Amino acid sequence: SLERSVHDNLVYAQIVDHENASIVLHTWFPPGESEFTDVIFEGVVVHHFEQQTVGSENHVVLFDVEEEDPARMLAQYADLLNRTKNYGWPISGYSDLNDLVARLTEEGAKCYRVQGTTGIEGFVFATEMRLVPRSSRAVLS
């Protein structure tokens, strides 16, 4: 099967389901046309998205979502980790970066980098990420 891409897809909605440890990015390409793809993360341990924009004029456009080395990814967020460590994020009581990586991945989670051309940047630690085509725009309630 042809490898599906989300490069330059517009994220028109995202759902973070804390109870079921999943995140869905609903995307379409090109905006207003007919290719719809859901980026689904399951077994989510932790995520961090920066540069969230909301509103029809503030487009959130993906560059790519790909697996990334967890230590390299987290090293880019050293300031954030230092600021949030004593508040239990991303997890409580880790000693250093290596310990954090080991604990975030011990249940099989991988690190996925979410890169945007505009409006989104960050990471998701999850056991699975898949791209799922859909025939039409998701109906959100």
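Leaving aside neighbours within four places in sequence, Leu-62 is in contact (heavy atoms within 4.5 Å) with Val-6, His-7, Asp-8, Asn-9, Val-11, Thr-27, Val-39, Val-114, Gln-115, Gly-116, Thr-117 and Ile-120. The model is a predicted one, in which local features need pLDDT of at least 70 and side-chain atom pairs count only at pLDDT 80 or more, whereas totals for chains, interfaces and linings use all residues. Residues are numbered from 1 along each chain as its sequence is written, and side-chain values use heavy atoms, with hydrogens and water left out.

Leu-62 also belongs to the largest nonpolar core, which has 16 residues and in which Leu-25, Phe-41, Leu-62, Val-65, Val-114 and Val-124 touch the most other members. A nonpolar core is here a set of buried Ala, Val, Leu, Ile, Met, Phe, Trp, Tyr and Cys residues joined through side-chain atoms within 4.5 Å; buried means under 20% relative accessible area, exposed over 50%, and partly exposed in between, with a 1.4 Å probe and protein chains only. Two or more residues of this core come from each of β2 (22-29), β3 (35-42), β5 (61-68), β6 (110-118) and β7 (121-126), where helices (H or I, at least four residues) and strands (E, at least two) are DSSP runs numbered from the N terminus. A second, separate core comprises 14 residues, among them Tyr-77, Leu-81, Tyr-94 and Leu-100.

Gln-115, one of the contacts of Leu-62, lies in strand β6 and counts as buried because its relative accessibility is 14%. Apart from residues up to four places away in sequence, Gln-115 touches Leu-62, Phe-63, Asp-64, Glu-66, Ile-120 and Glu-121. Asp-8, likewise listed among the contacts of Leu-62, is placed in the segment before β1 (10-17) and has a positive phi of about 70 degrees although it is not a glycine; with a relative accessibility of 35%, Asp-8 counts as partly exposed. A positive phi, of about 50 degrees, is found also at Ala-21, again not a glycine, which lies in the loop between β1 and β2 and, at 24% relative accessibility, counts as partly exposed.

Cis peptide bonds were assigned as well. The bond from Phe-29 to Pro-30 is cis, with omega near -25 degrees, and Pro-30 is found in the loop between β2 and β3. Trp-89 and Pro-90 are joined by a cis peptide bond with omega of about 0 degrees, Pro-90 being located in the loop between α2 (78-84) and α3 (97-105).

With regard to the chain as a whole, three helices and eight strands are present, and from the N terminus on the elements run β-β-β-β-β-α-α-α-β-β-β. The C-alpha trace spans about 50 × 35 × 30 Å along its principal axes. Of the 141 residues in the protein chain, 40% are buried, and among contacts with a separation of 6 or more, residues 24 or more positions apart account for 62%. The protein chain carries 10 positive and 22 negative side chains, and the centres of the two sets lie 2 Å apart; Lys and Arg count as positive and Asp and Glu as negative, without His and the chain ends, and each charge is placed at NZ of Lys, CZ of Arg, CG of Asp or CD of Glu.
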